[in-house]
Amino acid sequence: MLIQTLSSTSKSPLLTLARRIADAGCNLSDARVSAIGADSSLLLVASGAWDALAKLENALGKLARDEDMHLVHYRTQPREPDSHLLPYLVEVVSADRPGILVRIVEFFHRNRISIEQLNSMRYQAMQTGAEMFQAQITIGIPSDSHIATLRDDFLELCDSLNLDAIMDPVKF
């Protein structure tokens, strides 16, 4: 079961949800927690027998009535392994300006590259005070792709946008 919440960081429901999952007889299979601004986003996957999941659904229905939290949950299926995708890590840093992430995502979409995970943020450089953009993106490259050509095309795009970037294989 996929569970997603949005709430203020000071009222993060992580402990409450972890307990409800355990009390229902389910396992917390995967968890992603992100603080974004003054808010917190949780993305959890709970697994278990059908009756344990039904018990958890009931408990989540009650918890969803809390006005301080937005909660969505539904039953999902395990992701099928995709062994023809090669995992690569992309890191980008540049002076911040609108549209950088759009151009990067467009490049990967156009080249049939799946985005497996993406984290980006704006920050102010301590040394100079410049507004900066940074992104870390885990991508899945089809194994039939010519990686050197793809890397060259990506770095050419980054050069044209004045972005500092790397694209390396994930080594674990």
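How much space lies in the second largest pocket? In this predicted model, the second largest pocket holds about 390 Å³, where a pocket is an open set of points on a 1 Å grid over the protein atoms alone, with protein on both sides within 12 Å along at least five of seven lines, and its lining residues have an atom within 4 Å of a point. Volumes refer to the space filled by probe spheres set on the points, which are joined across faces, edges and corners. Residues are numbered from 1 along each chain as its sequence is written, and side-chain values use heavy atoms, with hydrogens and water left out. Because the model is predicted, local features need pLDDT of at least 70 and side-chain atom pairs count only at pLDDT 80 or more, whereas totals for chains, interfaces and linings use all residues.

The second largest pocket is lined by 16 residues, and those nearest its centre are Ser34, Ile36, Gln117, Leu118 and Asn119. Two or more lining residues are given by each of β2, β3, β6 and β7, with helices (H or I, at least four residues) and strands (E, at least two) taken as DSSP runs numbered from the N terminus. The largest share of this lining, six residues, comes from β6. By class, the lining has six nonpolar, eight polar and two charged residues, where Ala, Val, Leu, Ile, Met, Phe, Trp, Tyr, Cys and Pro count as nonpolar, Asp, Glu, Lys and Arg as charged, and the others, Gly among them, as polar.

The largest pocket has a volume of about 480 Å³. It is lined by 15 residues, of which Asp30, Val45, Gln77, Pro78 and Arg79 are the closest to its centre. The elements that give two or more residues to this lining are β2 (27-36), β3 (39-47) and β6, and β3 gives the most, with four residues. The lining of the largest pocket is made up of seven nonpolar, four polar and four charged residues.

Ser34, in strand β2, is partly exposed at a relative accessible area of 30%, on a scale where buried means under 20%, exposed over 50% and partly exposed in between (1.4 Å probe, protein chains only). The C-alpha atom of Ser34 is separated by 9.7 Å from that of Asn119, although the two residues are 85 residues apart along the chain. Leaving aside neighbours within four places in sequence, Ser34 is in contact (heavy atoms within 4.5 Å) with Asp39, Ser40 and Ser41. Ser40, which is found in strand β3, is buried, with a relative accessible area of 6%; beyond residues up to four places away in sequence, Ser40 touches Ser34 and a set of others that includes Thr5, Leu6, Ser12, Val33 and Ala35. Ser41 also lies in strand β3 and counts as buried at 15% relative accessibility, and with the residues up to four places away not counted, Ser41 touches Gln4, Thr5, Leu6, Arg32, Val33 and Ser34.

In helix α3 (residues 100-110), the residues Ile100, Ile104, Phe107 and Phe108 are buried. They lie on the same side of α3 because they cover an arc of only 95 degrees around the axis, the arc being that of the directions from the helix axis to the C-beta atoms. An α-helix has 3.6 residues a turn, so residues three or four places apart point the same way. The buried residues of α3 pack against β5 (85-95), β6 (114-124), β7 (131-142) and α4 (147-160), while the face turned away from the buried side carries the exposed residues His109 and Arg110.

Arg112, in the loop between α3 and β6, has a phi near 60 degrees, a positive value in a residue other than glycine, and counts as exposed at 55% relative accessibility. Most residues other than glycine have a negative phi. Asn162, found in the loop between α4 and β8 (164-169), likewise has a positive phi near 60 degrees and is exposed, at 63% relative accessibility. His146 is placed in the loop between β7 and α4 and is exposed, with a relative accessible area of 53%. The side chains of His146 and Thr149 are joined by a polar contact of 2.6 Å, a term for a pair of N or O atoms within 3.5 Å of which, within protein, one must be able to donate a hydrogen and the other to accept it, with residues adjacent in sequence counting only if both atoms are side-chain atoms.

Technical notes: 1 Å grid on protein atoms, 1.4 Å probe; cavity = no way out; pocket = protein on both sides within 12 Å on 5 of 7 lines; lining within 4 Å.
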